[in-house]
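Here's a quick walk through some features of a model. Have the viewer open while you read.

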Amino acid sequence: MDQAEIKSRESNETNKTTLDAVVIGAGIAGLYQLHRMRQLGLKVRAFEAGSGVGGTWYWNRYPGARFDSQVEVYQYWFSEDLYKAWKPSERFPAQPETEQWLNFVADRFDLKKDIQFSTRIESATYREKDGRWDVVTSDGEHIDTQYLLACCGMLSAPLNERFPGQSTFKGVITHTGLWPKGGVDLKGKRVAVVGTGATGIQVIQTIAPEVGSMKVFVRTPQYIVPMRNPKYSQADWDRWSGRFNELKTRVRTTFAGFDYDFENRPWAELTADERTEVLEKYWNDGSLSMWLATFPEMFFDEAVSAVVSDFVRDKMRKRLRHDPKLCDLLIPSEADYGFGTHRVPLETKYLEVYLQDNVEGVNCRKTPIERIVLEGIQTSDGKVHEVDIIILAVGFDAGSGALSRIDIRGREGRSLKDRWHDDIRTAMGLQVHGYPNLFTTGAPLAPSAALCNMTTCLQQQVDWIADCIAYARENGKHVVEATKEFEDNWVKHHDETAAATLVVKTDSWYMGSNVDGKPRRLLAYIGGVGNYNRQCDELAANGYQGFAMT
């Protein structure tokens, strides 16, 4: 070792910070994980790439951004006083209000003093000799920590380098998940929106009245459900607050972590008219209940899926005035996929946008985007669509992407990125075998953004992790690691559960299909939130069998 290396090592040792726990991220999960670790008396710090708290609700500040879980259940459940203290303005609040709410939470519990902002975790290396992690930040700080708690988010690794030639575009180009804080001036501009998933739909319907013209590049048509978004008065919120304990218990037991569930009579027991009556009722509710509280048979039975899908297609055709070209462009066909097997977006007059004279839909199934050029977007027919602004609503490397972008190395220096490049595996989405004392939330093979109200699932996972760490400490254990056998059994159960559904027969980000080379596996556990929570509770009650503690 030469003198420079010796000095560098000495400098690193001098600058090393020792902690009990490092939390990655300051969104919904990260804030609560920090709170729980402090309750355990641990020396903990959270690291956040953004300049403020919020996670998803910090980065996704694009026009029209709002969540599609009703605000009465998109909540923290650890404090009834907190629930009552913040009155939402409407059923589905927009991004600015949600970011304000999360700042309110952080300030109320004085969390920001233990959050280091504008800092990314670059690498984390497990030390087998003493069961701790060496963590390096983007500032060059070296941290020695026992626990590494990843609260990076399910949808937080934007696919921002999506097309060749993006750097050559002379105008403004931005990904919805990296929207500038100062906004983008769209008034009177020629705008292209690439992508029509839940995010693209929100953008398109919001900016349509403002832009000079808009071209929407549509590859995968989407089934939609109209959002019903009434304003909430103080009296409304007082009524919801009175149900706090009921809702807190309820969301842990339902299929998708909402206060509604599949509670209708079985499909086979109903007449055609009775089935239509159920579908109309939930369609008019204007929430994700149309997807997650009507008929579970739509996930398993192709005949049921066909009827439900045609019900939605008929609603969409009417709104598009039965225009054959628009219906072909915007409505999934029987050959595409069934309603509910992809993420279902809520919308507000989205389809009507395409009836405007200044809006054009470009069919990317017929003429895919080839590249971005100086003037705009070039499609496979050689046409250059000239625009001033390109908005990329092209999604994320979901589930695994956020952790894969950090150089995480476990036992024997094994790269997590390399491991997940071969096969995406976890132990209930809580740990990965070979990476001791690394705990994860919103990770693959747990209920997550695809099939769960995120506040429900993230809080449950944070609580389980905190209780597991508390149990280990109480029993004098310093290292917690999921066994290979437990992980193998969970992956087998996860895959068998998924294989019984129609979801695995489709291509979407649910299956990792939107990222070239990504292993094909349903990223979210589809066995139900209530069922998952029950299994987690049983693990804890049985002394965390399947998780080796030393």
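Leucine 445 is buried, with a relative accessible area of 0%; buried means under 20% relative accessible area, exposed over 50% and partly exposed in between, using a 1.4 Å probe and protein chains only. Leucine 445 belongs to the loop between β18 and α15. Helices (H or I, at least four residues) and strands (E, at least two) are DSSP runs, numbered from the N terminus. The phi of leucine 445 is positive, near 75°, in a residue other than glycine. Asparagine 437 is another such case, in the loop between α14 (416-422) and β18 (438-440). Here they are in a table:

| Residue | Phi | Relative accessible area |
|---|---|---|
| Leucine 445 | near 75° | 0% |
| Asparagine 437 | near 60° | 0% |

As background, most residues other than glycine have a negative phi.

A word on where this comes from: the model is predicted, so local features need pLDDT of at least 70 and side-chain atom pairs count only at pLDDT 80 or more, while totals for chains, interfaces and linings use all residues. Residues are numbered from 1 along each chain as its sequence is written, and side-chain values use heavy atoms, with hydrogens and water left out.

Now for helix packing. Helix α15 (residues 454-474) packs against helix α17 (residues 529-541) at an angle of about 5°, with the axes 11 Å apart. Because angles under 35 degrees count as roughly parallel (over 145 is roughly antiparallel, 65 to 115 roughly perpendicular, the rest oblique), α15 is roughly parallel to α17. The axes are lines fitted to C-alpha atoms, for helices over the stretch in contact, and angles run from 0 to 180 degrees between N-to-C directions. From α15, the contact (heavy atoms within 4.5 Å) draws on Thr456, Cys457, Gln460, Gln461 and Trp464. On the α17 side you'll find Val529, Tyr532, Asn533, Cys536, Leu539 and Ala540.

Which residues touch the most other members of the largest nonpolar core? They are Met214, Met290, Phe339 and Trp464, in a core of 163 residues. A nonpolar core here is a set of buried Ala, Val, Leu, Ile, Met, Phe, Trp, Tyr and Cys residues joined through side-chain atoms within 4.5 Å. The biggest contribution comes from α15, with nine residues. Another core of 16 residues lies apart from it, including Leu159, Ile369, Ile390 and Val515.

On to the strands. Strand β4 (residues 121-127) is mostly covered, with five of its seven residues buried. β4 pairs with strand β5 (residues 132-137) in the antiparallel sense over six bridges; two strands pair if DSSP finds at least two bridges between them. Arginine 127 has arginine 132 as its bridge partner in β5. Four residues separate the strands of this hairpin, and glycine 131 takes a positive phi near 70° there. β4 also pairs with strand β17 (residues 407-409), in the parallel sense over three bridges, and threonine 125 stands opposite arginine 409 in β17.

Finally, there's an open antiparallel sheet of three strands, in the order β13-β14-β15. β13 (369-372) and β15 (384-386) are the edge strands, each pairing on one side only. Neighbouring strands of this sheet are turned by 25° against each other on average, direction ignored. Strand β14 (residues 376-379) pairs with β15 over three bridges, and glycine 376 stands opposite glutamate 386 in β15.
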